[in-house]
Amino acid sequence: VSAAMTEKPWKRYTGGEAKGFVDEMRLVAMKLHTRQQAQEGEMEAKAPEEQRVEEWEPTLDGYLKFLVDIKVVYDTLEQIIEKPSFPSYGEFRNTGLERSEKLAKDLKWLEEKGYGVPEASSPGVAYAKYLKQLSEKDPQAFICHFYNIYFANTAGGRIIAKKVAEKILDSRELEFYKWDGELSQLLQNVRDKLNKVAENWSREDKNRCLGETEISFKFYREIVRLMLS
Ligand code: HEM
């Protein structure tokens, strides 16, 4: 039995030595969390959304704004993958991680319950515009956003979801946090594809991709902040 087979799958992605390119992306992302957000975080919390989720005071209005804006981002991401400007994006069609339709269901449900669903606001619109432009000129940098946006939602996103559901949604779990199939398997399939695509990249390409993580955090944080507005 090889070491790879006895190793617990999650162990490979919790820091230490990077074995594939996804590990490198993860290491960079984890460092950009605050200590309050994640154990592996290295940043100091300043803004409210950087504090411990337990201490958050989300509002329903704010959460609706978040859902609308994050939907604009997923809509755009999923349109880019459907009509790829670069062949490598085609690998990421129908991964099972897609969120656009799920969010549409959630917003429909919230609307039916009589909640006022707002128009998209500048954080979501600005990120979507940035993604569209980037996807047409720099596939390596674009893939960094693809990774961060989908994986953030399955990690921190679910912690936030629990808190928000308890506080303001009568513990109803939104479709946004439900996946068809085993999530760990879907994530692993995408990690494998990301590693495969990045095998053809030069070190320079990889570094450009990793360098984009900070921009992804900056945009995404603006959208998360809407929950607390
Ligand atoms: C992973 C929390 C925001 C990207 C994690 C993990 C936690 C966490 C606890 C570790 C999960 C594990 O044990 O492996 C949070 C909280 C946030 C936040 C509370 C509050 C706003 C973000 C943002 C991004 C991001 C803004 C990027 C746009 C990621 C990525 C991972 C991760 C890529 C790795 C996921 C994986 O390996 O499966 N986050 N996060 N997070 N987060 Fe965040």
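Ala, Val, Leu, Ile, Met, Phe, Trp, Tyr, Cys and Pro are counted here as nonpolar, Asp, Glu, Lys and Arg as charged, and the others, Gly among them, as polar. The structure is a predicted model, in which local features require pLDDT of at least 70 and side-chain atom pairs count only at pLDDT 80 or more, while totals for chains, interfaces and linings use all residues. Residues are numbered from 1 along each chain as its sequence is written.

The ligand is surrounded by 19 residues, a residue being near a molecule if its C-beta atom, placed from the backbone, lies within 6 Å of it. The closest are A38, A152, A155, G156 and Y220. Two or more residues each are given to this shell by helix 2 (21-31), helix 6 (139-154), helix 7 (156-168) and helix 10 (213-225); helices are DSSP runs (H or I, at least four residues) numbered from the N terminus. Helix 10 gives the most, with five residues. By class, the shell has eleven nonpolar, five polar and three charged residues.

Just after helix 7, D170 adopts a positive phi of about 50 degrees.

The axes of helix 3 (residues 60-82) and helix 5 (residues 122-137), as lines fitted to C-alpha atoms over the stretch in contact, come within 8 Å and cross at roughly 15 degrees. The two helices are therefore roughly parallel (angles under 35 degrees).

How values were computed
Axes fitted to C-alpha atoms, helices over the stretch in contact; angles between N-to-C directions. Parallel < 35°, antiparallel > 145°, perpendicular 65-115°, else oblique.
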